[in-house]
Amino acid sequence: MGLAPLWRLRDKPAPSAEAPAEAESAPQSPVDTAAGDERSRRIAALGWDELRATVADCRDCRLCERRKQAVLGVGDVAADWLFVGEGPGAEEDERGEPFVGQAGRLLDAMLASIGLARGKKVYIGNVVKCRPPGNRTPEPEETTACFSYLRRQIELIRPKLIVALGKPAAETLLGAEVKVGAARGRLFDYRGIPLIVTYHPAYLLRNLSDKAKAWEDLCFARRTMEARDSATLPPDPAP
Ligand code: SF4
């Protein structure tokens with residue numbers, strides 16, 4: 001049916017947090033030195049309280065310099081659904097919660113459209129926990145530095161389904177280049193967890209005509225969750 005996972009996460013995302021430093025000009029940080037392995041192991045052993053404290057104090061990439069606070073995520077820590085966006089914006093940086101601005105209100109509406117609500121079997125997080133200045137797209141070294149935290153969140157939550165909101169989230173989780181338009185309607189795999197790709201709500205606010213596609217993606221996600229619960233294959237996505 002063409003719905004088998006198309007891509008599987010590589011053992012290590014590219015560029016990898018565990019990869020050795022490859023260029024002399026690359027900035028030295030705990031994630032591109034031998035200390036990176038130790039850092040990854042330490043993060044992989046953290047519980048929720050330690051993870052919150054570690055992220056709050058983290059200075060492992062330059063995004064720490066202009067943040068007001070790090071934003072780990074929000075919601076049910078035993079959620080079935082995990083939505084992953086890109087990074088905090090201005091309001092999120094101010095309030096310490098992801099998706100609380102205009103895009104957040106749209107995300108809440110999207111959740112409601114398929115019978116979900118923030119915090120009720122739903123967890124919402126981001127690829128990077130600190131606000132990129134000017135809401136720019138996170139740089140690869142920043143997503144690499146922060147990925148250990150997201151990976152640990154996923155291990156702790158153990159969601160039944162992941163929805164990647166936008167290209168940076170999809171590429172970080174899949175460890176591959178992703179075109180959202182081409183990835184929509186397909187079922188991917190993150191370490192045994194089904195993963196679906198759709199548009200980021202901030203993109204939808206600028207491209208209203210694509211809201212209908214996001215609705216299709218959410219319906220596909222809903223069907224995938226129902227199929228997972230009943231241990232059957234999901235039907236084909238809407239054309
Ligand atoms: S974005 Fe992530 S890695 Fe960078 S300082 Fe913030 S918490 Fe640390």
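**View 1. Strand S3 points side chains both ways, and all are buried.** Val 122, Ile 124 and Asn 126 face one way from S3; Tyr 123 and Gly 125 face the other. Buried means under 20% relative accessible area (1.4 Å probe, protein chains only). In a regular strand, side chains alternate between the two faces of the sheet. S3 spans residues 122–126, and five of its five residues are buried. Strands are DSSP runs (E, at least two residues) and helices likewise (H or I, at least four), numbered from the N terminus. The model is predicted: local features need pLDDT of at least 70, side-chain atom pairs count only at pLDDT 80 or more, and totals for chains, interfaces and linings use all residues. Residues are numbered from 1 along each chain as its sequence is written, and side-chain values use heavy atoms, without hydrogens and water.

**View 2. S3 pairs with S1 and S2.** Pairing requires at least two DSSP bridges between two strands. Strand S1 (residues 73–75) runs antiparallel to S3, with three bridges. Val 74 stands opposite Ile 124. S2 runs parallel to S3, with five bridges. Trp 81 has Val 122 as its bridge partner.

**View 3. Helix H6 is largely enclosed by the rest of the structure, because six of its eight residues are buried.** H6 covers residues 167–174. Its buried residues are Pro 168, Ala 169, Ala 170, Thr 172, Leu 173 and Leu 174. Their cover includes helix H5 (140–157) and strand S4 (161–165). Just after H6, Gly 175 takes a positive phi of about 65 degrees.

Note on methods: Buried < 20%, exposed > 50% of the residue type's maximum accessible area, 1.4 Å probe, protein only. Contact = heavy atoms within 4.5 Å.
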